[in-house]
Amino acid sequence: MANKTDNDGKPKLKRKQYTKELQRLQAELCALQDWIKAKGLRIIIVFEGRDGAGKGGTIKAITERVSPRVFRVVALPAPSDREKSQMYVQRYMEHFPAAGEIVIFDRSWYNRAGVEYVMGFCNKEEHRRFLELCPLAEKFIVDGGIQIIKYWLEVSNKEQERRFEARITDPMRQWKLSPVDLPSRSAWYDYSHARDMMLKATDTQHAPWHILRSDDKKRARLNCISHLLSLVPYKKLPREKVKLPKRSKKGAYNDQASLEGRNFVPEKY
């Protein structure tokens, strides 16, 4: 019997194979984390892409085994009236990394190049000016010692439609449908055009875009982590051996009896 294949004709990645490779890569992320802390590096990772492209799952795969104090995820809501009056990039800059931190933006200032432009939340002049100034701002950030890594997750029309249908029918996924998700289906080519303009203007040598095909979520996550590790030269640092201390018997008493009569969570499972 022939092996099942995905839409690209590649053999389906078996869960066991995926889990094993993911764990190996996540262990490397832990080594990278130690290096980042030891060297005081500052890194920004930007995740952009169409709605339903798999940004959240990819970010979760990166962060689920590392410290949230080193790998910080920033997913800002729509700007408040006060934030709308600020310099556009201002509300993002307050989340920039300090020494020993990686900040992951689940959508970023590139909202202006995508959803804001397509949905009419900014005018054409604001959009044009953003594309003109963004490379300059990112050059300033990079020159200041922060590495910027930008990923664009590219999902196909057919796969996006399938994922949206799944969200509509699955009560555990319906929360993923935002007010701008469904209109994005009918505006597919508007988003394609916005993407092309964004890449043309902001795919620079100091902060290049990396296109990540994401129809196959498992492969996309593995490819992303592997690529991320290749962009930050690091070495595994030796760890001090940890010895668990014995419990002191000083002041010993029956510390379970003292809990009698307290409110416990019912053990239904």
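Colleague: Which exposed residues are carried by the face of α7 turned away from its buried side?

Modeller: The residues are K158 and T169. Exposed means over 50% relative accessible area, buried under 20%, and partly exposed in between, with a 1.4 Å probe and protein chains only. This is a predicted model, in which local features need pLDDT of at least 70 and side-chain atom pairs count only at pLDDT 80 or more, while totals for chains, interfaces and linings use all residues. Residues are numbered from 1 along each chain as its sequence is written, and side-chain values use heavy atoms, with hydrogens and water left out.

Colleague: Which residues of α7 are buried, and what covers them?

Modeller: Helices (H or I, at least four residues) and strands (E, at least two) are DSSP runs numbered from the N terminus. In α7, the buried residues are E159, Q160, R163, F164, A166 and R167. They lie on the same side of α7 because they cover an arc of only 160° around the axis, the arc being taken over the directions from the helix axis to the C-beta atoms. Their cover includes α8 (181–186), α9 (188–202) and α10.

Colleague: How is the span of a helix to be read, and what does it come to in α7 and α1?

Modeller: The expected span is 1.5 Å times one less than the number of residues. Helix α7 (residues 157–169), with 13 residues, reaches 19 Å from first to last C-alpha, close to the expected 18 Å. Helix α1 (residues 15–39), with 25 residues, reaches 36 Å, close to the 36 Å expected. Just after α1, G40 has a positive phi of about 65°.

Colleague: Against which elements do the buried residues of α1 pack?

Modeller: Contact here means heavy atoms within 4.5 Å. Buried residues of α1 include Y18, L22, W35 and I36. The buried residues of this helix pack against β1 (42–49), α2 (55–63), β2 (71–74), β3 (101–106) and α10.

Colleague: Is E138 buried or exposed?

Modeller: E138, in helix α6 (residues 124–143), counts as buried because its relative accessibility is 1%. Leaving aside residues up to four places away in sequence, E138 touches W109, Y110, I148, K150, T202, H206 and A207. By contrast, L244, in the segment after α10, is exposed, with a relative accessible area of 77%. The C-alpha atoms of L244 and P171 are 45 Å apart, at 73 residues along the chain.

Colleague: How many cavities of 30 Å³ or more are there, and which residues line the largest?

Modeller: A cavity is a set of points on a 1 Å grid over the protein atoms alone where a 1.4 Å probe fits but cannot get out, and lining residues have an atom within 4 Å of a point. The count is 1 cavity of 30 Å³ or more. The largest cavity holds about 40 Å³ of space, and its lining is A53, G54, T58, L153, S214, K217, A220 and R221. Helix α10 (residues 217–231) gives the largest share of that lining, with 3 residues.

Colleague: What describes the chain as a whole?

Modeller: The chain has 10 helices and 5 strands, and its C-alpha trace spans about 70 × 55 × 45 Å along the principal axes. Of its 269 residues, 40% count as buried. Among contacts with a separation of 6 or more, 77% join residues 24 or more positions apart.

Terms used:
1 Å grid on protein atoms, 1.4 Å probe; cavity = no way out; pocket = protein on both sides within 12 Å on 5 of 7 lines; lining within 4 Å. Points joined across faces, edges and corners; volume = space filled by probe spheres on them.
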